[in-house]
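Please keep the sequence and the model in view while reading.

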There are 2 protein chains.
Amino acid sequence: MKALGLIVEYNPFHNGHAYHLQASKEKTKADVVICVMSGYFLQRGEPALMPRRERTLMALQGGADLVVELPYIFSSQHASWFAKGAVSVLHHLDADVLCFGSEHGDIQPFLDVLAFLQTNDKIYNQYIKEFIYEGYSYPKAVSLAFLKLEPEKDWPDLTQPNNILGYHYIQAVHDLKSSIKPETIRRTKAGYHDQHISEKSIASATSIRRSLIDQGEKPGDIGHTIPVPTRILMETYLKKQASFFDWEQYFPLLQAKTLTLSPSYLEQIYEAEEGLEHRFQSFIKTHDSFQSFMSALKTKRYTWTRLQRLAVQTLTGTTKTEANEALLTSQADHIRILGMNKTGQSYLNRIKKHVDIPLITNLPKQKTPQQKLDERAALAYYSPLPPNKRNTKWKEEYQLPPVFFS
Amino acid sequence: MKALGLIVEYNPFHNGHAYHLQASKEKTKADVVICVMSGYFLQRGEPALMPRRERTLMALQGGADLVVELPYIFSSQHASWFAKGAVSVLHHLDADVLCFGSEHGDIQPFLDVLAFLQTNDKIYNQYIKEFIYEGYSYPKAVSLAFLKLEPEKDWPDLTQPNNILGYHYIQAVHDLKSSIKPETIRRTKAGYHDQHISEKSIASATSIRRSLIDQGEKPGDIGHTIPVPTRILMETYLKKQASFFDWEQYFPLLQAKTLTLSPSYLEQIYEAEEGLEHRFQSFIKTHDSFQSFMSALKTKRYTWTRLQRLAVQTLTGTTKTEANEALLTSQADHIRILGMNKTGQSYLNRIKKHVDIPLITNLPKQKTPQQKLDERAALAYYSPLPPNKRNTKWKEEYQLPPVFFS
C-alpha cells in the first residue's frame with residue numbers, strides 16, 4: 001500500500017482542498033491518503049472555525065483515509081516548527097510520499113534551495129541580515145538573498161506562504177533522514193485541471209472564513225466553493241452550535257485573563273519576547289474587540305500573524321518551559337488518531353506494530369509534554385461556550401472514539 | 001477634632017451598620033467618622049455586590065465623614081492580615097479611637113486576651129495544636145484552649161467571627177504601638193438601643209445578600225432592613241447595571257482561567273498550598289456553577305471561606321511573591337481616599353501634612369506593590385461585564401475624583 005501524506009488545516013474543507021487531495025493521489029498513485037490535521041489552533045494563530053471532529057469528517061468525506069492530529073505545540077507556529085511536527089507524524093506513520101500545494105508547482109527548485117543552503121548558509125544569512133537592516137521584511141529579504149546569490153536560477157518565490165511551508169517540509173524530511181519523497185502540485189489555476197471545478201468554485205479558506213464570519217453569510221451562500229457534504233455538515237453544525245468559533249468570541253476571556261496575570265507569568269509565556277508582552281498587556285485594556293486590539297498592536301516588526309500566535313499562547317497559558325520541553329526532540333511525541341475509513345483502518349493495522357511513538361485515540365491520564373498542551377488547547381478552545389456546554393465538550397476529549405467513515 | 005475609626009465592608013450598608021455608626025459616634029463623642037472600607041473583594045473571599053463608589057456613597061449618607069480604601073492585599077484575608085491592614089490605615093490617619101462591633105460588647109475581656117497571650121503564647125499554641133489534632137476546627141480549638149487555660153474567666157467567645165476580628169484589631173493596635181484607643185459595641189440586640197430600628201429591621205448583610213442574589217428579591221423587598229437612601233441608591237444602580245456582582249458571574253472566567261494556567265503558575269498563586277491548587281484545578285473542570293464547584297471542593301480542613309479566598313487570588317492572579325512584597329511592612333503602603341463630606345474634608349486638610357504614606361485619590365502611574373494589586377483587583381472585579389463596559393469602568397479608576405457628599 002503506497003501511502004500519501006498531506007499536511008492540512010481544512011478550515012473549512014473547500015473545493016481547492018478536494019482538488020489537491022484527488023490530484024495528489026492521482027499524481028502519486030497512492031493507495032491510502034493520510035492527513036495530518038491541526039486540531040484547535042491553526043498556523044496563523046487562529047482558532048479553527050469548527051472543532052476537530054467536524055473537520056475530520058469533512059476530510060474523510062473529501063477522500064482522506066486516515067486523519068491524525070498535529071499536536072498543539074506545532075500547530076500554531078511559524079513554518080519551520082509547523083513543518084518539523086507535521087513531517088515527523090507522517091514519517092512515524094510510514095508515509096511514502098508527501099505532496100504539498102505550492103505557488104511554484106515543481107519540486108526540483110525546492111530541492112535546489114535545500115542543496116544550495118546546505119553549502120551557502122553563511123553568506124545567505126549575511127545577506128538576509130543586510131536586507132532586513134535595509135528595512136525589507138523577512139520574506140522579501142529571503143527572496144532578494146536568493147536573487148543576489150544566483151540571479152539566473154528559477155528560484156521558488158519564498159515570499160509566497162505555501163512556497164515557504166513547502167521549503168520547510170523538504171528541510172524537515174531531510175533533517176529527519178526520512179525516506180518520504182516530497183512532491184508538489186501547483187495551487188493557483190487549480191480550476192484548469194478539473195472540469196467539475198470552475199475557476200469561480202475555488203476560493204481561499206481565508207476568503208471563505210471572511211464571508212462566514214465577518215459578513216455573516218450562511219454556508220449556502222458560499223456553497224459553490226465547498227463540496228456538498230461539507231456544506232451539509234456546516235449547516236447541521238450551525239443548527240446545534242449557533243456560530244463558528246472566531247477570535248472575537250475569545251476576546252472577553254483573552255482580555256480579562258491577560259490583565260489579571262502577574263507580569264512575571266506573562267514574561268514566561270511562549271512567544272513573549274523583547275517586552276512584547278507588556279505592550280500586549282497595556283494595549284488590550286483600552287480595546288473592546290480583537291480586531292481593534294490587533295490593529296493597534298501591529299507594527300512593521302510584529303506582524304498580525306506573530307501577534308495572533310502570542311494571543312493563542314496566552315489563551316492556552318503555554319510557558320516557554322512547557323514549550324521547550326514539548327519541542328525537545330523536534331518531533332511529535334505521540335500520534336492521535338482522529339478518524340478513518342476502511343482503507344485507513346487496514347493501513348493502520350498493517351503499520352501499527354512498527355510505530356515507535358504512542359498511537360492514541362484519546363488523551364491518557366499520564367500525559368506526554370505535548371499531550372499536556374493538547375489538553376490545555378482543548379480547554380482554551382471551548383472556553384467561549386457557557387460552562388455546561390464546555391464541560392460536555394471537554395468530557396468528549398476523553399471519551400469519544402475516532403470518527404469512523406464508511 | 002476627635003476622630004473615630006470604623007473598619008467596614010458595607011456590602012450593602014444596612015440598618016445594623018447605621019446603628020453601629022451612630023452608637024459608636026455617641027459613645028466615643030467623636031467629631032469625625034473615618035471608615036476604612038474594603039474595595040472590590042471582601043474578607044470572606046467574595047466580590048462586593050456593588051463597586052466601591054456606590055458603597056462609599058452609602059457610607060457618607062449613613063453618617064461617615066471620610067471613606068478610605070483598605071488595599072486589596074488586606075481585604076480578602078484571614079482576620080489577622082485584614083486587621084493589620086485596616087488598623088494601619090486608621091493609625092496613619094491619626095484616628096483617636098477604633099470602635100468595632102462584637103458579639104461580646106465589652107472591651108476589657110479583649111484586652112485581657114491580649115495580655116494573657118503575651119505571656120502564655122507557648123502553652124496556648126500547644127493546646128491549639130492538640131485540639132486541632134483531636135479534630136476540632138481552628139476557632140473551636142481557640143475557644144477550648146482559653147477555657148482550659150483559665151476556666152473561670154469570662155473570655156470573649158473566639159468562635160464568633162466578630163470577636164475574632166475584634167481581637168485581631170486590638171493586637172494590631174498593640175503591634176503598631178499605636179495610640180488608637182479600642183472600643184466595642186455589642187452587635188446583637190442592636191435593636192434594643194434605638195426605637196427607630198425595630199428588631200425586625202436588623203438583618204445581617206449575609207441574609208440581605210442572600211435575598212437579593214439567591215432569591216432574586218428587589219431592594220424594595222428588603223427595604224425595611226436598609227436605610228431609605230441606600231434603597232434608592234441600589235434601585236438606581238440596578239437600573240443602570242442590570243445586576244449585582246456575585247460569584248456566579250465570575251465562574252465562566254474563573255473556570256476558563258484556572259484550566260488554562262500552567263500548573264507552575266497555579267502553584268505560585270497566593271493561598272495555593274499543600275497541593276490545594278491541583279485539587280482546585282481538577283475539580284473545576286466538571287462543574288458548571290460556582291456553588292456546585294465549592295460544595296464539591298469543601299472539606300473539613302478547607303473551609304468555604306478559605307477556598308473562596310483562593311478563588312479570589314486566582315481571579316486576580318496574585319502570586320506569593322507579589323503578596324509577600326505587598327505585605328512586607330505589615331502596613332498599608334498608601335491611603336486611597338474614596339469619599340468625604342465637609343467635615344471629612346477639613347479633617348483631611350488638618351492632618352494631611354503629617355500623613356507619612358502617600359495619600360492618593362487615583363492610582364498613579366508608578367505604583368507601590370499594594371497599588372499594583374489594587375489595579376489587578378479592579379480589572380478582575382469588572383471582568384464579568386462585556387469589554388466596552390469593562391473599559392469604561394477601568395478608565396474611571398484613573399479619572400474619577402473621590403465622592404463628595406454635601
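In α10(B), the residues W247(B), Y250(B), L253(B), L254(B), K257(B) and T258(B) meet Q308(B), A311(B), V312(B), T314(B), L315(B) and T316(B) of α14(B), contact meaning heavy atoms within 4.5 Å. By class, this contact has seven nonpolar, four polar and one charged residues; Ala, Val, Leu, Ile, Met, Phe, Trp, Tyr, Cys and Pro count as nonpolar, Asp, Glu, Lys and Arg as charged, and the others, Gly among them, as polar. Helices here are DSSP runs (H or I, at least four residues), numbered from the N terminus.

The model is predicted: local features need pLDDT of at least 70 and side-chain atom pairs pLDDT 80 or more, whereas totals for chains, interfaces and linings use all residues. Residues are numbered from 1 along each chain as its sequence is written, chains are lettered from A in the order in which they are written, and side-chain values use heavy atoms, without hydrogens and water.

Chain B also faces chain A, with 33 residues of chain B in contact with 33 residues of chain A. The area buried between them is about 2,500 Å², 60% of it from carbon and sulfur atoms; buried area is the accessible area (1.4 Å probe) that two parts lose on being put together, summed over both.

Two salt bridges are found across this interface, each a side-chain nitrogen of Lys or Arg within 4 Å of a carboxyl oxygen of Asp or Glu. K285(A) forms a salt bridge with E375(B), with the closest N and O atoms 2.7 Å apart. On the side of chain B that touches chain A, α10(B) gives the largest share, seven residues.

Definitions and conventions:
Helix = DSSP H or I, 4+ residues; strand = E, 2+ residues; numbered from the N terminus.
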